[in-house]
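Here are a few exercises to work through with the model open in your viewer. Try each task before you read its solution.

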Amino acid sequence: MVQAVVFDLFGTLLQIGERRHPFRQLMQHLRLRGRAPRSDDARKLMTHNLGLAGAASFFNARMSHSELASLETDLFIELASIRLFDDTLGSLTQLKDAGLKLAVCSNLAAPYAIPAKLLLPGLDVYSWSFEVGAIKPEPAIYHQVIDQLGCDASAIAMIGDTLEADALGPARQGMQGHHLQRNGIIADPGFTSLADFAEFILQ
């Protein structure tokens with residue numbers, strides 16, 4: 001019996017209306033100045049509690065005030081464009097009214113947690129990669145969610161739009177993993193909407 005549900009964040013509960021990719025722009029700035037990309041760059045951005053200016057300092061990016069201000073503007077525009085999917089609130093309310101605990105577990109840079117908590121208040125657990133120091137599908141981030149929810153792993157279902165991170169990874173830690181495919185094309189067992197997923201969980 002499912003006692004708690006864990007959701008991925010972007011692509012699952014939330015969507016970005018106007019993508020500016022400010023952190024990607026920062027890394028492009030570094031490449032143009034001769035720094036070779038490294039395989040763990042994205043992981044570092046998502047496992048440290050850094051704003052955009054902090055990330056620039058962390059990677060020793062020598063940027064002018066105007067260059068950094070331009071990236072900060074793009075970040076602000078992107079954050080302001082974040083919205084709930086149409087089926088998010090209804091599905092969360094349905095599950096919460098049934099007595100289930102609700103959590104989010106997301107790989108993201110720190111600034112994106114601010115609109116997430118404003119749009120999704122009152123969840124039982126918020127598990128951010130930049131606070132945990134691990135990213136999905138690393139076991140540590142799932143274990144943090146399991147511990148915070150206080151349920152057996154087998155009683156926790158997780159859903160998200162990335163098969164490895166949100167379905168297979170949780171399943172390896174004893175959780176029930178489900179793949180959300182909002183494009184409507186089911187390439188493997190999964191769901192095309194959160195509404196369908198909520199109905200399945202509450203059967």
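**Exercise 1.** How many bridges join strand β4 to β5, and do the two run parallel or antiparallel?

*Solution.* Some ground rules before we start. This is a predicted model, where local features need pLDDT of at least 70 and side-chain atom pairs count only at pLDDT 80 or more, while totals for chains, interfaces and linings use all residues. Residues are numbered from 1 along each chain as its sequence is written, and side-chain values use heavy atoms, with hydrogens and water left out.

Step 1: get the elements. Strands (E, at least two residues) and helices (H or I, at least four) are DSSP runs, numbered from the N terminus.
Step 2: count. β4 (residues 101-106) and β5 are joined by four bridges and run parallel; strands pair if DSSP finds at least two bridges between them.
Step 3: pick a pair. Cys 105 has Ser 127 in β5 as its bridge partner.

**Exercise 2.** Find the strand order of the open sheet and its edge strands.

*Solution.* Step 1: the five strands go β5-β4-β1-β6-β7, with parallel pairing.
Step 1: β5 (125-128) and β7 each pair on one side only, which puts them at the edges.
Step 2: on average, neighbouring strands are turned by 20° against each other, direction ignored. Axes here are lines fitted to C-alpha atoms (for helices, over the stretch in contact), and angles run from 0 to 180 degrees between N-to-C directions.

**Exercise 3.** How do the axes of α5 and α10 cross?

*Solution.* Step 1: the axes of α5 (residues 88-97) and α10 (residues 194-201) come within 9 Å and cross at roughly 10°.
Step 1: α5 is therefore roughly parallel to α10 (angles under 35 degrees; over 145 is roughly antiparallel, 65 to 115 roughly perpendicular, the rest oblique).
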